[in-house]
Amino acid sequence: MIILKNIFKYYDNKFQRTFVLKDVNLTIKEGEFVSIMGPSGAGKSTLLNIIGMLDEPNEGEYFFLEQPAHQLNEKKKTEFHRNYVGFIFQAFHLIDEMTVAENIETPLIYKGVKSRDRQAMVADMLDRFNMVAKKDLFPAQLSGGQQQLVGIARAIVGKPKLLLADEPTGNLHSDQGKEIMKLLQKLNEEGITIIQVTHNEEFANYGKRIIRIADGLISSDTKL
Amino acid sequence: MKTILLTFRKLRKNKAATSLGLAGLVVGLVCVIYIFFWVTDETSYDRFHENIDRIFVVHAYLEGDKQEVPFGGCPPAVAPSLVNEYPEVESVCRYMPGQYFEHLVAFGTQKNMLKTSYADPSLFDIFTIPFVYGSKGTPGDPNQIVLTQTTASRYFGDENPVGKIVRFNNNIDMTVAGVIKDLPHNTFLKFDAVVPLEIMKKTWEQENILDTWYNNSFATFGLLKSPDSFDKIAAGITKRIQKEMPESTNFLRAYRFEDGHLYEEKNIRNVKIFSLIGLLVLLAATLNFINLTTARSTKQAKETGLRKSIGATRANIIRLIYSDVAIVCFMAFTAALLLAFIGLPFFNNLIGKQILFTSLFSPIPFSIFIGIYLLTVLLAGSYPAFFLSSFSVSETLKSSFHSVKNKGFMRNALIVTIFAVSIALLTSTLIISKQTMFLQNMDMGFNKEQLMYITLDGQLREKAKTLKDEIKRSPEVLSASITQFLPVNIGSNGEGWNWEGKDPNFKLLVSNYETDEDFLATVEAKLLEGNFFSSDRQGIVINKAFADAIGWSSFEGKTLNAYGQDRQVVGVIENIQYNSLAETCRPMAISNIGNWATRYLIVRTNTDHYEQTIHTMKQICERIEPNFPFKYGFVDDEFAKLVETESNLKRLVGIFSAFAMVVLCLGLLGVIMFLTEQKTKEIGVRKCLGERVSSIILTLLKPFVFSGLIASVFAVPATWFLMNRWLQNYTNRIDLNVWIFALSIVFAILIAVVTVSWQSWRAATRNPVESLRYE
């Protein structure tokens with residue numbers, strides 16, 4: 001599903017070039033659950049952003065579903081975001097002025113789903129995450145764990161093939177974190193490919209494969 | 001719908017920023033709406049006439065000694081000659097405006113002095129004047145009168161008065177021919193009644209009054225068959241008077257009627273100035289609004305990044321931000337319209353207009369107004385739309401993201417702009433006030449305080465001397481003088497004066513003023529040489545301007561020739577300011593009044609409590625002439641009317657600069673609130689390191705003072721230039737000096753300092769522990 005070939009990412013300062021990713025090669029198949037680990041500043045998030053097409057590599061090739069993603073134009077990238085990928089963030093990034101239901105609905109609007117279908121899909125999600133009673137609340141009225149549930153619901157409501165999670169449990173305490181990880185595991189069993197970035201060994205083990213990064217290089221790649 | 005809901009929720013969340021930004025925008029918009037009202041009113045002056053593109057105006061002018069001296073009208077014989085000689089002219093009309101003539105119109109017991117215009121009946125064909133009852137009347141019959149609806153209802157209630165007979169001027173019976181709808185206030189046609197011009201022969205007791213090739217009192221209008229033939233008329237008429245009177249120095253000129261109010265009377269200048277002020281205030285208010293919306297841009301940028309990650313295109317984002325801004329602006333416009341509506345009566349009252357709120361909703365003003373709305377949305381929305389959508393998604397979604405780019409340019413541009421607008425308006429207000437006050441307090445060459453006048457009608461004119469003697473008997477009256485004109489409006493002048501040694505090419509326009517021997521004492525003017533004329537000392541008195549123009553060393557006993565008649569000079573008086581305050585005094589010759597010229601009795605009183613005096617005078621007048629209502633006034637009021645334009649301008653600019661100052665304060669408040677919030681940590685650290693509150697406040701203040709100074713670099717030269725041009729219209733004018741500018745700069749900066757200090761003091765006195773806790 002994902003093939004990265006000789007990916008470089010760097011920033012140029014006046015006198016020197018700082019590498020974030022150095023010659024990364026990686027293949028991820030459909031249905032995998034990958035945990036990316038590594039110290040701060042190792043380039044985990046950058047790698048995730050490149051895979052999610054929020055960021056571009058300076059060099060190298062990236063194929064998504066056999067298509068050369070590094071050659072996609074802005075329009076195609078938007079299509080990709082609408083149809084193939086869902087994001088989960090450490091800081092949840094819910095829209096404060098929207099209710100739970102409206103937050104979940106937003107990607108469907110961009111996807112062009114009809115209003116009636118949207119209502120049905122949002123209702124499904126709320127039902128599935130046991131949040132029907134909370135659908136008219138605003139994010140500020142929810143606990144962190146619940147907010148992240150909304151974040152996940154929003155990420156998967158459009159039925160993406162790939163779910164990218166940047167430290168999804170980083171702002172949660174461990175019980176809530178476990179809940180979230182179990183949920184991700186279940187989603188993976190249902191067929192969604194998941195790539196998560198995490199600091200937490202325990203949570204990394206929920207995945208099927210652990211990739212460790214240090215100083216922009218892949219230092220190990222273990223299947224569990 | 002959803003967007004509207006979302007916008008409201010966002011507004012609720014950012015109360016301080018929202019209310020400041022919105023308040024600034026609303027205040028600015030109210031100001032813009034008033035300017036808009038005013039400009040609409042000025043530009044729609046006399047625009048309701050359907051034939052507007054075919055009407056032209058003819059007036060006479062003198063070449064004068066240095067510059068052209070224009071008259072409002074031209075000789076009465078010009079109009080008929082136009083129809084006879086130019087087939088392109090469909091009809092013509094001579095018009096004597098009603099502002100100047102009040103006549104008694106009586107019906108039964110109802111007696112009123114009406115502002116009466118004299119006009120050829122074609123007035124009603126050339127201009128669009130709709131009738132409620134009747135018509136312009138039968139041609140050729142001079143004994144007809146047309147009333148306005150309001151006037152007619154004073155006499156006849158709701159009845160149709162056509163055919164009723166009213167008594168005009170206490171000596172002529174007139175049939176009511178028609179009743180017209182009341183005309184809007186912004187037209188030159190101001191009257192209560194119109195009578196045929198023919199009747200002047202009777203009221204003026206002069207059979208040839210309408211046939212002369214001199215007497216430029218007749219406003220003359222023509223209607224062309226096609227607008228294109230204007231140039232031919234304009235080119236052809238210049239020397240028409242000379243064909244009949246080769247010695248005349250009066251030339252004719254034509255202009256298009258539609259240019260009259262704006263261009264001939266130069267009102268376009270104020271229209272331009274105020275439009276510019278309006279745009280600047282709009283700009284300042286919008287910048288203010290932009291600044292406060294982008295103050296929360298860190299959060300906005302994150303939301304934008306997120307929306308992109310879930311599939312929004314840049315176009316989606318831009319549309320979202322624009323609709324957001326459009327909704328907020330719509331609210332602001334609605335609020336501003338509401339406020340403007342509530343305040344309109346006060347505004348009208350202040351500037352002496354009767355602008356209707358509904359004037360906004362006629363097609364052209366309304367579409368321009370919509371245009372202003374769209375412009376505001378465009379101005380206010382473009383910066384956030386393109387700024388916020390430009391960030392890289394992966395950057396904005398990092399938890400450490402801060403939109404640092406927003407720091408410098410926009411905020412400084414905002415502050416400098418509103419400073420500049422405020423300083424410019426403030427300076428203009430000061431200059432205009434100073435000039436107006438200068439005109440009001442100018443040395444007039446006579447004492448206009450405690451000087452009253454009585455208008456003479458009917459028997460009062462015949463028995464003016466008796467009236468004068470009786471009035472002088474009352475203890476409050478010091479002196480009285482019968483005159484032809486009030487000094488504010490001396491309407492007779494000409495170039496017919498000659499003297500020994502005069503250069504035949506030298507043309508001098510001299511006002512001819514008739515009054516009696518008590519004039520000098522009554523107005524308290526100064527005598528420079530010789531004496532004032534009296535019953536045993538016949539002759540004329542000239543003013544200093546006339547004396548200077550002739551240039552002799554002494555005048556007493558010398559002879560001047562006036563229109564072919566020798567007149568002996570008995571004295572020279574110091575210039576007394578007349579007709580205009582703006583210009584220096586023109587030459588004037590004063591001669592003893594003839595019976596036909598008695599129009600006013602000027603009365604010098606020794607009291608400021610006029611009730612008794614007025615009562616006594618009224619009794620005397622009504623005993624001599626019971627048929628005419630007693631009519632009096634104060635000379636200084638009449639002079640105040642001369643500076644009405646300036647007073648109105650002063651008030652207008654004053655109002656607008658007050659608005660601009662409010663926008664400035666709100667803007668500064670918003671900016672400093674945002675800045676102190678951003679600098680909470682810095683302030684905390686500084687305090688921990690032992691810096692004093694006063695020093696922190698000073699650091700926060702410095703950039704604002706600096707912005708104020710930069711703004712003055714732009715504002716001062718621009719204002720200097722514009723105001724200097726405005727002052728050129730006045731021969732009697734103040735000098736522009738540095739102090740006026742310095743004063744307004746200091747004032748504007750002071751206001752800023754107060755506003756900013758208040759907020760920074762709050763920030764600086766916060767407990768540093770509290771401010772450092774935020775991370």
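The model is predicted: local features need pLDDT of at least 70, side-chain atom pairs count only at pLDDT 80 or more, and totals for chains, interfaces and linings use all residues. Residues are numbered from 1 along each chain as its sequence is written, chains are lettered from A and ligands numbered from 1 in the order in which they are written, and side-chain values use heavy atoms, with hydrogens and water left out.

**Sheets of chain A**

Helices (H or I, at least four residues) and strands (E, at least two) are DSSP runs, numbered from the N terminus. Two strands pair if DSSP finds at least two bridges between them.

One open sheet of chain A has 4 strands in the order β2-β1-β4-β5, with antiparallel pairing. Its edge strands are β2 (17-28) and β5 (67-68) of chain A, each of which pairs on one side only. Strand β4 (residues 59-64) of chain A joins β5(A) over 2 bridges in the antiparallel sense. Opposite Phe63(A) stands Pro68(A), in β5(A).

Another open sheet of chain A consists of 6 strands in the order β6-β7-β8-β3-β9-β10, and its pairing is mixed. The edges are β6 (85-88) and β10 (217-223) of chain A; each has a single partner strand, so one side of each is left without a neighbour in the sheet. From one strand to the next the twist averages 15°. Within this sheet, strands β3 (residues 33-37) and β9 (residues 209-214) of chain A run parallel and are joined by 4 bridges. Val34(A) has Arg209(A), in β9(A), as its bridge partner.

Two helices that lie across strands of chain A are listed below. Contact means heavy atoms within 4.5 Å. Axes are lines fitted to C-alpha atoms, for helices over the stretch in contact, and angles run from 0 to 180 degrees between N-to-C directions.

**Contact between chains A and B**

The contact takes 21 residues from chain A and 21 residues from chain B. Buried area is the accessible area (1.4 Å probe) that two parts lose on being put together, summed over both. Between chain A and chain B this area is about 2100 Å², and carbon and sulfur atoms give 59% of it. On the side of chain A, His93(A), Glu97(A) and Tyr110(A) lose the most area to chain B, together 33% of what that side buries.

Between the two chains there are 0 salt bridges (a side-chain nitrogen of Lys or Arg within 4 Å of a carboxyl oxygen of Asp or Glu). The elements giving two or more residues to the side of chain A that touches chain B are α2 (74-83) and α3 (100-111) of chain A. The largest share of that side, 5 residues, comes from α3(A).

Buried means under 20% relative accessible area, exposed over 50%, and partly exposed in between (1.4 Å probe, protein chains only). Asn348(B) belongs to helix α12 (residues 314-351) of chain B and is buried, with a relative accessible area of 11%. Not counting residues up to four places away in sequence, Asn348(B) touches Lys353(B), Gln354(B) and Ile355(B).

Met437(B) lies in helix α15 (residues 409-440) of chain B and is partly exposed, at 45% relative accessibility. Met437(B) and Glu646(B) are 209 residues apart in sequence, and their C-alpha atoms are 9.5 Å apart in space.
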